[in-house]
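Trainee: Please take me through this structure by question and answer, one topic at a time.

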Amino acid sequence: MPNDTVAGRAVRMAVDGETVLDRVAGDAGQAVWCEAPRPVGTGEQAWCWQDETGEVLAELVWSPGLGLTVPRAHFRRGQAVHASRELDLFHRVGTLLAGHDLTGAAEVRAWRWRLDRPGSWDAALALLAAVMAAHGPQSAGRGWVLELPGWRDAHDHSPFWAGFGAHFYAEQSPWAAHDALLLTRPQGWMDRLRVGEAWSSALRALWPQQLVYVDFLPEPARAALGRPHEALAGLPERLRALGWRCSPYVRLDDGGPVWLWGEEPAAG
Amino acid sequence: MTHSPPSPCPWRLRPVAHADLEALLQIAARSADAINSLPEDRARLDRLIGQSVASFASEDVASGEERYLWVLEDLRDGRLVGTSGVLARAGFHDRFYSYRNEFVLHASPELGRQQRMHTLHLCHDLTGYTLLTSFFILPELELTAAPQLLSRARLLFIQRHAERFSDRLAAETPGWVDEAGNSPFWEAVGRRFFGMSFPQVEALSGGRTKSYIADLMPQAPLHVALLPPAARWALGQMHPVGELPLGILLDEGFDADTYVDLFDGGPTAEARLAQLRTVQHSRWVTLSAQDDPVDSDDENWWQLVGHETAQGFEATLVRGPLDGRLPMAGLAHLPGWQLEAGARVQAAPVNVAAGHGKGGQDAQ
């Protein structure tokens, strides 16, 4: 499937439990992960973007129903107002409430591109546009979801995890807190790899079940809410151009933003 | 074993009177950091005295808004050296707010992890409880028997007039403040939502009840893990002035682990009347004309004696044997008691060293 602006074409891949980038991504830094890698499942579609030489520059997996087999939770960002005319008080407080509002939506997961090839990012966006077109505009009625990794500081630590998640993750060894903060090192990463698709529901069980007031989080954690990883800084603008919008939902672990295309899944 | 004749207790707990206004103002000024229920305001204090006088005098069925205030009088010079009070029903005109400590164990089988989660839940559990209030004693008398008389005597009164009160009691204790007088708990919670100190909030609310302010506090549970360390430490910690009264209540059988104050995180003790030490051991004793020698090896044990006079319920301490008789000599000096040998009074044994962990000294 050719694209007018980016050289190459989108190709739907035959799925045999392992995608192309799974095979080439053994080299460190070859891809930006959007989730812990797992095999393509039943009903899912694996797509890639091949350049003119046939080399794969980008890949994504489209999933028909988020959370329908393994529950997937997100935080919904809201706000509460405390007001009193007598006290000249008007105070808005950000809130977080975990839920499964996005259950049933389609999902663009495992969206990744090569960092060592110029133009791979454009290829990844072209691939996304091509998959959206392949499913047709009517598919927007069911809503599509795209999670992005959240902001990390210069030490590759997630401020949202450090300021929120670490309090509830139940560190059971002196080094586990540090590793869990990183989420890309052993222990935290191994937990995430080990539980795979069940990562968010596993965290959901440990996280507060009631409303969380964002005001109680340290400033770096508040600032990280809904902020994508620095490597994706230019992505939001490109997603908007494709018709996506940033939703009020964020990831449970690093506070990364959740983007939506089309309608939100119906409640209830 | 040595014996000595009992010496009369120099203190009398009696209902407050209008003539006590000036002395009470001085006490309110001295206790400003500790007692919220004694306003440092002449008009409000006078109304409080009037309310107490009316409450003691009322023979009608109690409505629940009665407020009783006692003063501890030094019989040697007439000086007022302390106060204590009872509010018949907390939150009579509105809800009585508290935070309730709750602990839940969260577990993730996939991750093989468990986490004990501490949350504070806004609640009205203590609405309708009988509140012990207004405890104050001059610092120089803290190590004497006076605090015991001041705090425990009102339990005899509650027992005596149980129909006026709840069978559940509570007592607030001021929370911890730092050297600058700031409450770490308020700074972490209340100030986030009000943007000002608690005294400023009280001033702007124009004397409205605290429940008006509480309505503006965050209604969802607070996750203690997300509070700053200073606030977490201050949770359930008391201001030093609360150590003595809370110690006495804990010795009585109060529990202070479940509830904390909404604004400063100070502990709120609560108990059932029937389980309290003074109540369980109180009995009616016969006054004896004979002065029995007192075993001074047991100098910490006294009898807390309560008696209804024309002004209302009064109390004092008497050194005497822990049996069914009480020497009259220990009560003869009390104005208005008008007792005769053979009369029966309400009494309960009290260890004057209990509650503050310090060796009790002679009542004088």
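**Chain A overall**

Trainee: What percentage of the 268 residues of chain A count as buried?

Mentor: This is a predicted model, in which local features need pLDDT of at least 70 and side-chain atom pairs count only at pLDDT 80 or more, while totals for chains, interfaces and linings use all residues; side-chain values use heavy atoms, with hydrogens and water left out. Residues are numbered from 1 along each chain as its sequence is written, chains are lettered from A and ligands numbered from 1 in the order in which they are written. Buried means under 20% relative accessible area, exposed over 50%, and partly exposed in between (1.4 Å probe, protein chains only). Of the 268 residues of chain A, the share that counts as buried is 55%.

Trainee: Over how many bridges do β4 and β5 of chain A pair?

Mentor: In chain A, β4 covers residues 74–84 and β5 covers residues 89–99. Arg76(A) has Leu97(A) of β5(A) opposite it. The two strands form a hairpin with four residues between them, where Asp88(A) takes a positive phi near 50 degrees. The pairing of β4 and β5 in chain A is antiparallel, and the number of bridges is 11.

Trainee: Which residue in β8(A) does Leu96(A) stand opposite?

Mentor: β5(A) pairs with β8 (residues 212–213) of chain A in the antiparallel sense, over two bridges. The residue in β8(A) opposite Leu96(A) is Val212(A).

**Strand β17 of chain B**

Trainee: How many of the eight residues of β17 in chain B are buried?

Mentor: Four bridges link β17(B) to β12 (residues 283–288) of chain B in the antiparallel sense. β14 (residues 301–308) of chain B also runs antiparallel to β17(B), with six bridges joining them. The strand β17 (residues 344–351) of chain B is mostly covered, and its count of buried residues is six.

Trainee: Which residue in β17(B) is the bridge partner of Gly306(B)?

Mentor: Trp284(B) stands opposite Gln346(B) in β17(B). For Gly306(B), the bridge partner in β17(B) is Gln346(B).

**Two helices of chain B**

Trainee: What is the handedness of the crossing where α3(B) passes α9(B)?

Mentor: Axes are lines fitted to C-alpha atoms, for helices over the stretch in contact, with angles from 0 to 180 degrees between N-to-C directions; those of α3 (residues 146–160) and α9 (residues 243–252) of chain B come within 10 Å and cross at roughly 50 degrees. The two helices are therefore oblique to each other, since angles under 35 degrees count as roughly parallel, over 145 as roughly antiparallel, 65 to 115 as roughly perpendicular and the rest as oblique. A crossing is left-handed if the near helix is turned anticlockwise from the far one by less than a right angle, and right-handed if clockwise. The crossing of α3(B) and α9(B) is right-handed.

**Single residues**

Trainee: Is Ser134(B) buried or exposed?

Mentor: Ser134(B) lies in β7 (residues 130–137) of chain B. Phi of Ser134(B) is near 60 degrees, a positive value in a residue other than glycine. With a relative accessible area of 6%, Ser134(B) is buried.

Trainee: What is the relative accessible area of Asp156(A)?

Mentor: Asp156(A) sits in the loop between β7 (144–147) and α3 (159–168) of chain A. Although not a glycine, Asp156(A) has a positive phi of about 65 degrees. Asp156(A) is partly exposed, with a relative accessible area of 24%.

Trainee: What is the relative accessible area of Leu216(B)?

Mentor: Leu216(B) belongs to the loop between α7 (210–214) and β9 (222–223) of chain B. Contact means heavy atoms within 4.5 Å; not counting residues up to four places away in sequence, Leu216(B) touches His82(A), Ala83(A), Ser84(A), Leu87(A), Leu89(A) and Phe194(B). Leu216(B) is buried, with a relative accessible area of 11%.

Terms used. Two strands pair if DSSP finds at least two bridges between them.
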